[in-house]
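I wanted to know how the chains of this complex are put together, and I kept these notes while going through the model. The entries follow the order in which I looked things up.

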Amino acid sequence: MSIKTSTLNLKQRMQQSLSNSFLRASIANAQDWINQKRETCYAELGHFEQWRDLAADIRSHVLDNLDYYLDQFARNAQKAGSTVHFAENAGEALRIASEIFQQKKAKKAVKSKSMVTEEIGLNEALEEMGVEIVETDLGEYLLQVDGKDKPSHIVVPALHKNRQRIREVLAEQKGYKGDDVPENMTRFVRKILREAFLSADIGITGCNFAIAETGAVALMTNEGNGRFATSIPKTHIVFMGMERVAPTFEELDILFSMLARSAVGARASVYMSLLTGPRAKTDADGPEELHIIIIDNGRSKVLSSPFKDVLRCIRCGSCMLECPAFRHVGGHGYGALYSGPLGAALVPVLGGYKAHWDITQICSLCGACNDVCPVRIPLYESILEHRRIIAEDEKLTSWIQDAAFSQYGNVIGNPAIYTAATKLTRLGNLAPRVGPLKEWAKAREIPKIPNERFRDWFAKRKGTDNDNA
Amino acid sequence: MRISFFVTCIADNVLTNVGIKSVELLEKLGCTIDFNPRQTCCGQPLVNAGYQGKAKKSMRVLIDALLEDACEYVVAPSGSCVLQVKEFPRFFKGDSLWEPKAKLLAGKTWEITDFIVNVLKITDTGAELHGRAAYHPSCHMSRLLGVREPPLQLLGNIKGLELAPFKGQDKCCGFGGAFSVEMPDLSGAMVAEKVRNIADAGVDYLIGADGACLMNIEGRIRREGLNIQVLHIVEALMKA
Amino acid sequence: MTTREQFIGTVRKALGRSELPAAPVPLAYRHTVHTDVMKGSDQDELARVFMDCSKEIGANVFETTKERLNDTIRQAIEQCRPGAVIAANDPLLKELGPALASATNRMVRFWNAGAPREEMVRFAEEAAVGIAVAKLALAESATVLFFSHEGCGRSVTLLPESNVYIIPKSLIRPRLTQGMAFVRKHKDHLPSSVNFVSGPSATSDIELVRVVGVHGPVRISHIVVHDM
């Protein structure tokens, strides 16, 4: 996979998503349920706005000093015994990863979910080398088994699958003989993955935050697969987006406190793991080698752009859960690995305007995302500015649209023309339903234009007329 | 108190009763209304679609029209249009002629319920309307402009009116400007859910403070043939 | 192959700088909301919050004293499925060890970093219960902190089907703020694995239905020792 996840165009993706009623119902339920939990635990914590201030300050501070902190992290990680690698782009990251696999003669890897590994297409690349790579987050595992389906949400990736489908897939692919009760299916997967954990050569994870002060890697997980992948296989590889840094453990408190609540409405995730280097010589378990691959893949471009603040993101997914557009189209509708408001704000810069400008269309500019982002990313403002860049700088809008808006701009830019033109608006009542009127009328009735404008009523009342405006 | 009335293009040309009732309401509450017919549109459809440059001409037209009468307050019956005006200084940053003018206008422009409650200091307009009403808090007005309480205070004092909460009350209605015609199916899905939730609340009225949202919601209500009357808050506040 | 200098150089350029800065002034926190939580609470209150929250997140809670600890551990273990017990090689547990084995009629083995890796891991994997002593505990989220070290492998708190944690009351702190401060204080000699554990492993990945017990322990018991 890479950033682009679909070959369909915007209209086709909308069609596909909107016609999937199970998906829409699942996402609506997920939004309602998780949002309620999130609100409850923030109400319990109190002072949400102040906590957001702290988290936003921390992330901003890190980004403003990213060169320093990344350098500090790399040096300290190395001192702690980790091997630190640097990858400018996806291709380089994959090369480094495959070299490690070759060196270790590794045939099997277990992976704990990581967005950046999906961004670079790690699974596909390793499979081409003949490596068996097993996703171990339950949702990701189920997607992998079901024809390598793509995640529809970053925190609950298999949201679009119902239990019947999951039972079918497990029966067909893995010989599951039980019913479709989630607990029973989960127990079944536990047994399968247990064997995978115990026999894997390499454990792969992402990195929630890299602690600059000590070179530690901090992971936030719930199922235990992250802990397995980092305790049992002899080699552990961490893939890290370069912006995922925190200065010290103290900042990690704020960030993890917000992440657990914003992502799933929990006070803490079940496991918060701080991993400093490979195991000590005197430890019986833990990896013998710890590799950390720090990845740029366009992030430095974002850092130098007007959209630097979007890199504050801690991947909580709450913007997606709050978004009324995401509610109806899910992650797949956005056609990109990062979806929802985050995707609309990040992907045009990370993945390029030409390939992804349409992602900014999937937004009604309601601003709900701004209100929940734990690190105060100006998502609304970013999406708006992308639209300006797309229309005025990149010039990716259609000439028809440009002409229509130019026309509109000219009319409202000239009071005399506006006054004259709006006298004719009531003719719209007779207009054929083509163009915008047709689109409007798909879902709603068209308002009836009254015979008299407000200004005519006001002028009459006052005893003046408007034609001398 | 003299105020300069910014009618907004939707209330000028489509929901004209909103303009009319706004004027009557403000007069009832003791204001004298100046209306400068040289005003056109705040330009938000252009800006939201990315055509900031193409909107500048209309912004200058609006700035001049609303400042011409040198009233102390400029009042509009639309939170999104007022928000747009408050953004004008940003668009003219560095322009020694227009930035100060934009700042002057932005500083004295008020959304109508905000003006009534926080400037006129009135929360009871003496209105009477019997029935159950759902209130839709428009996104730009409540989240981005920050005007959340004034409409509720005013509605709470309408004699006989029961305000009913409904599921997804503060979710976007799906209008989003050009979004409603450029992403018609998604926008349609959003307004359909909103209207379903409103209908489930068993209300007689749907009241809002932004004409754009109301056109959208009312269009869907009529498409579904529901017996719910859609009112702009100024219309409700003028019921007796 | 990109070197550290090249990589950091790209970042530096993106930030508009011509050379790597000296250490930045550490961020000053605008608010104290994080340190204010349960500020005035005494150990008894913290313990109460810890135990209430433990129940909320699905852990079984026991209260005891040092004198009765052995018996309480026995009670907690008896609720778990039959099978061996793997215990952290902690002085407290070592003291109780032989008595525990006879009281529960189970094999009790201590984590031994000197034994072959595969053997220890396999034992932990097949064990019914893992027991470990908390380094620290956090009331707000019923979290228990573990440092892995030669006496307590990562596997002890991960592989067995059930886990029993001993939590001295004096080690309970308000929240993660104190937990991270503690870790930071020990930053110069942290073991390679430090884990904050909050309850049994769980997932909601299938239709958002919460399932307790995924890959990590299915069942967790918290034993709060009042006079420790």
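This is a predicted model: local features need pLDDT of at least 70, side-chain atom pairs count only at pLDDT 80 or more; totals for chains, interfaces and linings use all residues.

Residues are numbered from 1 along each chain as its sequence is written, and chains are lettered from A and ligands numbered from 1 in the order in which they are written. For the complex, the predictor gives an ipTM of 0.96 and a pTM of 0.95.

I then looked for strand pairing between the two chains, and I found that strand β9 (residues 271-275) of chain A pairs with strand β9 (residues 193-197) of chain C in the antiparallel sense, over five bridges. Two strands are said to pair if DSSP finds at least two bridges between them, and helices (H or I, at least four residues) and strands (E, at least two) are DSSP runs, numbered from the N terminus. In β9(C), C:N195 is the bridge partner of A:S273.

Next I went through chain C by itself, whose mean pLDDT is 93, with 100% of its residues at 70 or more; pLDDT is the predictor's confidence in each residue, from 0 to 100. I listed seven helices and twelve strands in chain C, and its C-alpha atoms fill a box of roughly 70 × 50 × 45 Å along the principal axes. Of its 228 residues, 52% count as buried, that is, with 20 or more other C-beta atoms within 10 Å of their own, C-beta atoms being placed from the backbone. Among contacts in chain C between residues at least 6 apart in sequence, 74% join residues at least 24 apart.

I turned to chain B, of which 56 residues are in contact with 50 residues of chain A. On the side of chain B that touches chain A, α11(B) gives the most, with nine residues, and that side divides into 28 nonpolar, 17 polar and eleven charged residues. Where do chain B and chain C stand relative to each other? Chains B and C do not touch, and their nearest C-alpha atoms are 20 Å apart. Of the two pairs of chains in contact, A and C share the most contacts.

Last, I checked the domains, whose bounds come from an automatic or database domain assignment. Chain A has domain 1 (47-300) and domain 2 (399-462), with C-alpha centres 54 Å apart. Chain B has domain 1 (2-118) and domain 2 (128-237), and 22 Å separate their centres, taken over C-alpha atoms. In chain B, 27 residues of domain 1 are in contact with 23 residues of domain 2, and α7(B) gives the most to the domain 1 side, with six residues.

Note on methods:
A residue is buried if 20 or more other C-beta atoms lie within 10 Å of its own, exposed if 12 or fewer, and partly exposed in between; C-beta atoms are placed from the backbone. Two residues are in contact if their C-beta atoms, placed from the backbone, lie within 7 Å. Ala, Val, Leu, Ile, Met, Phe, Trp, Tyr, Cys and Pro count as nonpolar, Asp, Glu, Lys and Arg as charged, and the others, Gly among them, as polar.
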